[in-house]
Amino acid sequence: MTRTKSKLKTASRSRPVKTAKRNPPKRPVPVAAISGTPAKTRAGTKNAQVVAMLQDRTGTTIAAIMAATGWQQHSVRGFLAGVVRKKLGLNLVSDPGDSGRVYRIIDDTASPPKADRVKQPA
């Protein structure tokens, strides 16, 4: 006796077709870079609190920002470089003081922000 051949099973699940990965969209250009005016921060946030501290005539230290926000030192430095200088486009200067380096925002719009920065030794 011979056996009858069983019917071939068709695939019950079809595999999704793999496609090439797409490149993520590039970050949008900050509003400050397009319009020439600094971007605004929302009131009542830690960012607004730090910017207000920096806009004070006497300025502020990293230690004072750490106490006010609860951030760590490296987070404060990253905020100053990434948000204040780059994203908001504000003119941040630092001067050595008695209690440490004092950071403040100056409203000198005639000169570019990089010209007023003090170079720090490495």
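Residues are numbered from 1 along each chain as its sequence is written, and side-chain values use heavy atoms, with hydrogens and water left out. Because the model is predicted, local features need pLDDT of at least 70 and side-chain atom pairs count only at pLDDT 80 or more, whereas totals for chains, interfaces and linings use all residues.

Leucine 54 lies in helix H2 (residues 46-55); helices are DSSP runs of H or I with at least four residues, strands are runs of E with at least two, and both are numbered from the N terminus. The relative accessible area of leucine 54 is 0%, so the residue is buried (under 20% relative accessible area, with a 1.4 Å probe and protein chains only). Beyond its neighbours within four places in sequence, leucine 54 is in contact with residues including Thr60, Ile65, Leu80 and Tyr103, contact meaning heavy atoms within 4.5 Å. Leucine 54 and tyrosine 103 are separated by 49 residues in sequence and by 6.4 Å between C-alpha atoms.

Threonine 60 belongs to strand S1 (residues 60-61) and counts as buried because its relative accessibility is 7%. With neighbours within four places set aside, its contacts include Met53, Leu54 and Tyr103. S1 runs antiparallel to strand S3 (residues 100-106), joined by two bridges; strands pair if DSSP finds at least two bridges between them. In this pairing, threonine 60 stands opposite tyrosine 103.

S3 also pairs in the antiparallel sense with strand S2 (residues 91-97), over seven bridges. Serine 94 is opposite tyrosine 103 of S3, and a hairpin of two residues joins S2 to S3.

Notes
Buried means under 20% relative accessible area, exposed over 50%, partly exposed in between (1.4 Å probe, protein chains only).
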